[in-house]
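Here are a few notes to go with the model, written as numbered points.

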Amino acid sequence: MDGETLEARIEEELGPGGRLAAAIPGFVHRPQQHEMALAVARAIEEKGVLLAEAGTGTGKTFAYLLPALLSGRKVIVSTGTKTLQDQLFHRDLPRLKAALKIPVRTALLKGRQNYVCLYHLERNLAHGRFTTAEDAALLRLIARFAQHTVSGDKAECAAVPEASFVWTFATSSRDNCLGQDCPHWQECFLMKARRAAQEAECVVVNHHLFFSDLVLRDEGVGGLLPEVDLVVFDEAHQLPELAAVFFGESLSSAQCFELVRDARVEALVAAPDFRPLRDAIDAFDKAVKDLRLSLPAETLRWPRQQALEQAAGFESALQTLTASAGVLREALASQQERSEDLQRLVTRAEAVERLLAQWGEEGACFVRWVEAVGTRFTLHRTPIEAGPAFSRLLSAGKRAWVMTSATLAVAGSFAHFRRDLGLFDEELPVREGIWASPFDYRRQALLLVPHGMPEPGSPQHLPAVEELAERLIRAAEGRAFVLCTSLKAMQRLGEGLRARLGAEYTVLVQGEGPRHALLERFRTTPRAVLVGSQSFWEGVDVAGEALSLVVIDKLPFAPPDDPVLAARMERLRKEGQSPFALLQLPQATIQLKQGAGRLIRSESDRGVLCICDPRMVTRVYGKILWSSLPPMRRTRDVRRAEEFLGTIATTAAQENAASSQGADAPSEDIGSRGET
């Protein structure tokens, strides 16, 4: 289908009297959605790149799906989260296909650790060493699930939480997959999903899987994903950070412990009489644990040199880990003729040795740093600039690329996004488009930057945030998010608000349960408050009266001592450029836009956004932040915000009373809230 015909079809389907309006109940024509769909069609025709910022309620999902499906081309849609991935595949695509009456084959593909591995499930049921009886019982539940599931997707196993550790005994990794040598190859859930993806015209994946596929192709391994004509990145603001991670390398304690676990099982089965192998496994296991113990107990992100200088036992522990990895590899190699699994374990041990050696090498293009959280650690080797590798990816094949999000631009400019991803190739046409939200923010929302707030970093700031949050929460009768820029602030505000608000309010704090469970409690509990950090700044949708207040403790500038950020800032300084203007401010602006976006999710929502940071008005760069946020009414008067929240609470109570008497519920608006 040529571009002109495709644009004509979009006019026919998406226009005010189009088929979608007739076929989908509650569908509302959105000029912004219509214009973005035409821009996507042009990108498909030109095989170019489209950067598309589409505000909340624009209907960006249909805006890119419609031209993609009508074009007849093969397409990959990559999302920021598995939750959005499931929503696209199970809700949005079926509705659009039914409305258009086109037989497009679609497929959902996730990373391998989302699918039950029949081989490892069977093997660990027979030989696994479980730390608790509960793990053994949960594994038996997974085994029953595996007998009747069609997809093998662990998200469909309601009896076992997705985050449960026991899934490591029922799934495979790239390292321990047997491939075609597996006795369950024909019925493998992962292979079935991959075959379906190869045959489909539209494949829905997530960003992690997409980049993992790129890594495999770079290493000469066959790709998991099909060759396509169009790639759509939804939630594309995540791409710069993800690209840096995937174009680098890392070694985690989790990878090491998986090697230990699998080696122990195989040693028990194939080499029970060879004591040196068991000793080598135990020594490597201890060395992994000792490396974590050599670092401070708190969460940290340190460059390699800082770890060597400030953690007294780190260098010695690192040397011991490297040596023990070599001993383990040698012990496995000496027994590898006894089983194919032992041969694969040799390859995995060699990979650990290689990663440890690379982490010790010097080089100007990479940042070497260690991250420690709880009992875990990861050794990272991250490129300072991911843009060159990403731009090569876009230029390598003749296909179209669409990158869209509600938060891509800073003060109307995509310059920072282009710079981060190297999107300056003159041979690759790059178009830009910003489609504002159709919501009436001046009527629906109030932005409060209160007078008299102490500067962030002062001892008085957090107590002042706590006091102000209490006032606003009481005015709103709960129904509030308190978004924090650090876990430490989150814990302090969570504890403080519980003490201030008492039993009359329910204060939920991130980490006290799975995110989806906390959100469900928040939605269904009267006078609820949710205090969260990074996990709740984006990808969270609470529409309606359940949320009418969002409090942000301070502007979300990344800490300048972050190893990767520090290295990038230093490079910009050497080039005579401003790290703050080119790096720190754009990143903080995008993050602030994400947090602010939690407040208004539908045309009927109303609420207050409170930013407890005086720098919004006292610093010159505040103008950039103001201009990047939705056009809400502004105030510095806390009493005005309290009055507005009180009005919202009263209206909500009246609507609830009317609803309980049998009032009709409002219809869903596909153009805004029903499809994002």
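1. Strands here are DSSP runs of E with at least two residues, helices are runs of H or I with at least four, and both are numbered from the N terminus.

2. A word on what kind of model this is. It is predicted, so local features need a pLDDT of at least 70 and side-chain atom pairs count only at pLDDT 80 or more, while totals for chains, interfaces and linings use all residues. Residues are numbered from 1 along each chain as its sequence is written, and side-chain values use heavy atoms, leaving out hydrogens and water.

3. On confidence, the protein chain has an average pLDDT (the predictor's confidence in each residue, from 0 to 100) of 90, and 94% of the residues score at least 70. Helix α1 (residues 3–14) has the lowest mean, 80, whereas strand β16 (residues 549–552) has the highest, 98. For residues 663–676 the pLDDT is below 50, yet this stretch has 43 contacts in the model beyond near neighbours in sequence (a contact means heavy atoms within 4.5 Å).

4. Back to β1, which spans residues 49–54: 6 of its 6 residues are buried (buried is under 20% relative accessible area, exposed is over 50%, and partly exposed lies in between, with a 1.4 Å probe and protein chains only). Val49, Leu51 and Glu53 point one way, and Leu50, Ala52 and Ala54 the other.

5. Which strands flank β5 (residues 230–234)? It pairs in the parallel sense with β2 (residues 75–79) over 4 bridges, and 5 bridges join it in parallel to β10 (residues 400–405). Ser78 is opposite Phe233, and Trp401 in β10 is the bridge partner of Val231. Both faces of β5 are covered, with Leu230, Val232 and Asp234 buried on one side and Val231 and Phe233 on the other.

6. There is also an open sheet of 4 strands, in the order β6-β9-β8-β7, with antiparallel pairing. Its edge strands, β6 (249–252) and β7 (300–303), each pair on one side only. Neighbouring strands are turned by 20° against each other on average, direction ignored. Helix α12 (residues 275–293) packs on this sheet, touching β8 (366–373) and β9, and its direction makes about 80° with that of β9. (Axes are lines fitted to C-alpha atoms, for helices over the stretch in contact, and angles run from 0 to 180 degrees between N-to-C directions.) Between β6 and β9 (residues 376–383) there are 4 bridges, and the bridge partner of Ser252 is Thr378.

7. The largest core has 61 residues, of which Phe210, Phe390 and Met403 touch the most other members (a nonpolar core is a set of buried Ala, Val, Leu, Ile, Met, Phe, Trp, Tyr and Cys residues joined through side-chain atoms within 4.5 Å). Helix α7 (residues 133–148) gives the largest share of this core, 6 residues. Another core, of 43 residues, lies apart from it and includes Ile24, Val77, Ala99 and Cys202.

8. Helix α6 (residues 118–127) has buried residues of several kinds: Leu118, Tyr119, His120, Leu121, Arg123 and Asn124. Their cover includes α7, α8 (189–199), α11 (253–270) and α15 (340–360).

9. How many disulfides are there? The count comes to 0 (a disulfide being a pair of cysteine sulfur atoms within 2.5 Å). For Cys117, the nearest cysteine sulfur is that of Cys182, 5.8 Å away. Cys117 is buried at 13% relative accessibility, whereas Cys365 is exposed at 51%.

10. Finally, two backbone spots to check. Lys101 has a positive phi near 60° without being a glycine; it sits in the loop between α5 (82–100) and β3 (106–108) and is exposed at 66% relative accessibility. Arg527, also not a glycine, has a positive phi of about 55°. Arg527 lies in the loop between α21 (515–524) and β15 (528–532) and is partly exposed, with a relative accessible area of 28%.

Note on methods
Pairing = 2+ DSSP bridges.
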